[in-house]
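I opened my notebook to look a few things up, one entry at a time. Here is what I wrote down.

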Amino acid sequence: MGKTINGQLTSTYPVISFSSTGKDTVWFNGQDDLVYTPGQPVPVRYLQHDPTDARINTLYSLWIDVLIIAGVPCLMVLLIYLHRSIFPKGTKFLIGKKPFFQVIPVEGS
């Protein structure tokens with residue numbers, strides 16, 4: 001287990017080692033606050049041609065970066081679209097022609 005201290009905040013993380021070829025050992029740090037006991041077997045996923053780019057094979061460890069990078073902007077766009085004072089009900093969007101993105105106002109407002 002590894003530990004980082006930033007001011008008053010501390011976080012622990014697992015330090016994982018494995019051997020992809022039987023000759024060398026690869027070490028990497030897992031996600032914060034994942035609790036494993038020392039010596040416990042952990043599923044690891046890595047690229048065969050680049051074993052140094054390894055992650056713990058759990059849904060959280062593999063997909064949390066994608067969810068944050070893609071999910072937060074999508075959520076913001078959805079909230080902006082659903083806000084009535086920004087885009088009134090019935091507003092149409094034209095995507096793909098010049099200009100690339102065009103908002104067509106609602107008739108009669």
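**Entry: salt bridges.** I started with charged pairs and found a count of one salt bridge; the term means a side-chain nitrogen of Lys or Arg within 4 Å of a carboxyl oxygen of Asp or Glu. The partners are Arg55 and Asp65, with their closest N and O atoms 3.0 Å apart. Arg55 lies in strand S6 and Asp65 in helix H1, so the pair ties together parts that are 10 residues apart in sequence. I noted that helices (H or I, at least four residues) and strands (E, at least two) are DSSP runs, numbered from the N terminus.

**Entry: what I am looking at.** This is a predicted model, in which local features need pLDDT of at least 70, side-chain atom pairs count only at pLDDT 80 or more, and totals for chains, interfaces and linings use all residues. Residues are numbered from 1 along each chain as its sequence is written, and side-chain values use heavy atoms, with hydrogens and water left out.

**Entry: how covered are the partners?** I used these cut-offs: buried is under 20% relative accessible area, exposed is over 50%, and partly exposed is in between (1.4 Å probe, protein chains only). Arg55 has 31% relative accessibility, so Arg55 counts as partly exposed. Asp65 also comes out as partly exposed, at 31%.

**Entry: Ser61.** Is Ser61 buried or exposed? Ser61 sits in helix H1, and at 3% relative accessibility it counts as buried. Leaving aside neighbours within four places in sequence, Ser61 is in contact (heavy atoms within 4.5 Å) with Gln31, Leu34, Arg55 and Ile56.

**Entry: the core.** Which residues make up the largest nonpolar core? I listed eight: Ile16, Phe18, Val26, Phe28, Leu34, Tyr36, Ala54 and Ile56. Such a core is a set of buried Ala, Val, Leu, Ile, Met, Phe, Trp, Tyr and Cys residues joined through side-chain atoms within 4.5 Å. Strands S3 (15-18), S4 (26-29) and S6 (50-56) each supply at least two residues of this core. I also checked Val26, which touches Ile16, Ser17, Phe18, Pro51 and Thr52, not counting residues up to four places away in sequence.

**Entry: rings.** I found two aromatic pairs; rings of Phe, Tyr and Trp (its six-membered ring) pair if their centres lie within 6.5 Å, and planes under 30 degrees apart count as stacked, over 60 as edge-to-face and the rest as tilted. For Phe18 and Phe28 the centres are 6.0 Å apart and the planes stand at 75 degrees, so this pair is edge-to-face. Both Phe18 and Phe28 are buried. Together with Tyr46 they form one aromatic cluster.

**Entry: helix H1, surface side.** Leu75, Leu78, Leu79, Tyr81 and Leu82 make a nonpolar surface patch of about 510 Å². Tyr81, in helix H1 (residues 59-82), is partly exposed at 42%. Leu82 is found in helix H1 too, and 52% relative accessibility makes Leu82 exposed. Patches use residues with over 30% relative accessible area and no salt bridge, joining like charges within 9 Å and nonpolar side chains (Val, Leu, Ile, Met, Phe, Trp, Tyr) within 5 Å. Accessible areas come from the Shrake-Rupley method with a 1.4 Å probe, and for residues only the protein chains shown count as cover.
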